[in-house]
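Colleague: I'd like to learn how to read ring pairs and charged pairs in a model like this. Could you walk me through a few?

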Amino acid sequence: MKNSDLIIVDSRVLPSVFGGVIKAKELIATGKAENTSQAIKMAGISRSAFYKYRDFVFKYTDNDTDNISLSAILSDKAGVFSALTAVLYECGANIITLNQGIPVDGAAAVSITIKTDGLNIPLEALIAELQSVDGVISVKAV
């Protein structure tokens, strides 16, 4: 399907089966349902409706507005990465992606994308908190 074939429609004007399909897909993805049969039963839709619409109905989320990428250099010491992610958790950041390179000359580059809509402190304060972690050489928003 090309992007030009996509439309966004307010769910309040759609038949409830579409919401049921989305709910069933979420139940499967989160593990709250063990299988498709259980998910469609929990969502209150028919098996035929699920299979008819599952590849065409998606929940829209604006992923770009609340995401920020961070670039960090960490010392090659045990626990530094864990301490960094603990601070992110404590400050309400949700890690979307992360990539840590192999340490070279005692330091490793780390790239982290976080969702910031749950932050309980300003972004500048978060970066300062991350920089204060023992073993963190530098952190910056990119």
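Colleague: Let's begin with Tyr51. Is Tyr51 buried, partly exposed or exposed?

Modeller: Keep in mind that this is a predicted model. The general idea is that under 20% relative accessible area means buried and over 50% means exposed, with partly exposed in between. Tyr51 comes out at 38%, so it counts as partly exposed.

Colleague: And how does Phe50 count, buried or exposed?

Modeller: Phe50 has a relative accessibility of 3%, so it counts as buried.

Colleague: Now the rings. How many aromatic pairs does the structure hold?

Modeller: Two. To read one, look at the angle between the planes: over 60 degrees counts as edge-to-face.

Colleague: What about the rings of Phe50 and Tyr51, at what angle are their planes?

Modeller: Their planes are at 80° and their centres 5.3 Å apart, so this pair is edge-to-face too.

Colleague: On to charges. How many salt bridges does a search of the whole structure find?

Modeller: Four. The idea is to look for a side-chain nitrogen of Lys or Arg within 4 Å of a carboxyl oxygen of Asp or Glu. One of the bridges joins Glu26 and Lys59, at 3.7 Å from N to O.

Colleague: Why does the pair of Glu26 and Lys59 tie together parts that are apart in sequence?

Modeller: Because Glu26 lies in helix 1 and Lys59 in the loop between helix 3 and strand 1, 33 residues apart in sequence. Glu26 is partly exposed at 36%, and Lys59 is exposed at 55%.

Colleague: Which residue forms a salt bridge with Lys77?

Modeller: Asp134, with the closest N and O atoms 3.6 Å apart. Lys77 is in the loop between strand 1 and helix 4, and Asp134 is in the loop between helix 5 and strand 4, so the bridge ties together parts 57 residues apart in sequence. Lys77 is partly exposed at 45%, whereas Asp134 is exposed at 62%.

Colleague: And what do the side chains of Arg54 and Asp55 do?

Modeller: They meet in a salt bridge at 4.0 Å, N to O. Arg54 has 34% relative accessibility, so it counts as partly exposed.

How values were computed
Residues numbered from 1 in each chain as written. Predicted model: local features only at pLDDT ≥ 70, side-chain atom pairs only at ≥ 80, totals over all residues. Heavy atoms only, no water. Phe/Tyr/Trp six-rings, centres within 6.5 Å; stacked < 30°, edge-to-face > 60°. Buried < 20%, exposed > 50% of the residue type's maximum accessible area, 1.4 Å probe, protein only. Helix = DSSP H or I, 4+ residues; strand = E, 2+ residues; numbered from the N terminus.
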